[in-house]
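Hi,

Have a look whenever you get a moment.

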Amino acid sequence: MGNSFRELSEFLGIEYPIFAFSHCRDVVVEVSKAGGLGVLGAGFFGPEQLKQELDWIDGHIGDRPYGVDVVIPQVYEGRDRGLSAEALEEELWRMVPPEHLAFAERLLDDHGVPKWADESRPGLFGWTLETALPCVDEALRHSGCKLIANALGTPPADVISKVKGSGRLIGALCGNKKQALAHQAAGLDFIVAQGGEGGGHTGEIGSIVLWPEIVDAVAPLPVLAAGGIANGRQMLAALSLGAAGVWTGSLWLTVEEASAHPAQKESLLRATSGDTVRTRAWTGKGARVLRNAWTEAWDAEDSPPALKMPVQGLLAADAIRRTELYAGVGRTQAVAMNICGQVIGQINEVESVRGVIFRVLSEYVDALERVNAALPGAED
Ligand SMILES: Cc1cc2nc3c(=O)[nH]c(=O)nc-3n(C[C@H](O)[C@H](O)[C@H](O)COP(=O)(O)O)c2cc1C
């Protein structure tokens, strides 16, 4: 497949080159119904919950396609040990030092975040091969799922051939040229080039440098541009730099259909483009989130060093579940994980998914006209 939107859209059956990553099934459905491609982030789901989410999507999306995004990191603690998911989780919990647990607990207490109601330990997210593989298998049981994407590395060869063999597209995110070339060599169908300003796990190279570099490096493979896109002018920039489409995340965090707690949406709507930070404090790998008391405490020089992925994520999992459940209580937002990119500073009001898609498209058309009018003779 070549690096043009037309080929991608024909394969996927979508109208607009807008790909939307979201953990929220309602957003996925609405984006796909509006002509883009909704991609459900499965990183926080086990296979049973993913099945529920995908069954719901199947029941609401009609004949529109969608995608599923998994997290199979290339490098993480405990990889290639041949452990079952349960044994791996036990092993990883043993790697969490008591002083780290106490540090996290103190931070939550200091900000008035209520404790979890029972003594249960939060589980390991789908951030390992062992926990993500059953999610890939579940996604492949749903005929509406036409695309699988992976964060944090090239997926294993057997996953690639399984997805391709099922007639779906498989791609992966990358933050630099070396990763993009590895994705290409492994036979992926498309690449998401994510600039460092993007939300979630991200590298350090900015979008305007990264996008054309990756487009040229992997040509003719289709490249989707990610990191810093929330309006039509940014979308035009991405396509002008050679991308076949845009892959967006932060744009969907505060839409009407997003299931986030109102207090969390409020934190995001108030944030400026300077309020994010790339930190290892939540997952153990560099991820862009809103800067707050949690990130500052872990990033301080005298704090316990962040653990490696997925051990830091396991340690942070209790904070995540408590700050989600009690999002509006006390000063919870000061220690909550609010993943987002710098473009959050541009997102200041609640819109509907359909409203966002049509705003972005009409801004794109206006920007294109303005750019064309700049050519000599264009006014004649
Ligand atoms: C809340 C949130 C969670 C994310 N989680 C994942 C993830 O699990 N897997 C993934 O491939 N990308 C993830 N990302 C990155 C997005 O897929 C997308 O590449 C990124 O948001 C694009 O940059 P933008 O935020 O500037 O739009 C996440 C982004 C956000 C905002």
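Cys 24 is buried in this predicted model, at 7% relative accessibility, and Cys 340 is buried too, with a relative accessible area of 1%. Buried here means under 20% relative accessible area, with a 1.4 Å probe and protein chains only. The structure holds 0 disulfides, a disulfide being a pair of cysteine sulfur atoms within 2.5 Å.

Now the ligand. Its shell has 20 residues, and Asp 69, Gln 194, Gly 228, Trp 247 and Ser 250 are the closest; a residue is near if one of its heavy atoms lies within 4 Å. Domain 1 (1-76 + 127-259) and domain 2 (82-122 + 265-349) both contribute to this shell, so the ligand lies between them; the bounds come from an automatic or database domain assignment.

- The side chain of Asp 69 has an N or O atom 2.7 Å from a ligand oxygen.
- For Gly 228, a backbone N or O atom is 2.7 Å from a ligand oxygen.
- For Gly 199, a backbone N or O atom is 3.0 Å from a ligand oxygen.

The protein covers 94% of the 590 Å² of accessible area that the ligand has on its own (Shrake-Rupley method, 1.4 Å probe).

On conventions: residues are numbered from 1 along each chain as its sequence is written. Local features need pLDDT of at least 70, side-chain atom pairs count only at pLDDT 80 or more, totals for chains, interfaces and linings use all residues, and side-chain values use heavy atoms, leaving out hydrogens and water.

Best wishes

Definitions and conventions:
Buried < 20%, exposed > 50% of the residue type's maximum accessible area, 1.4 Å probe, protein only. Polar contact = N/O pair within 3.5 Å; in protein donor to acceptor, adjacent residues only side chain to side chain.
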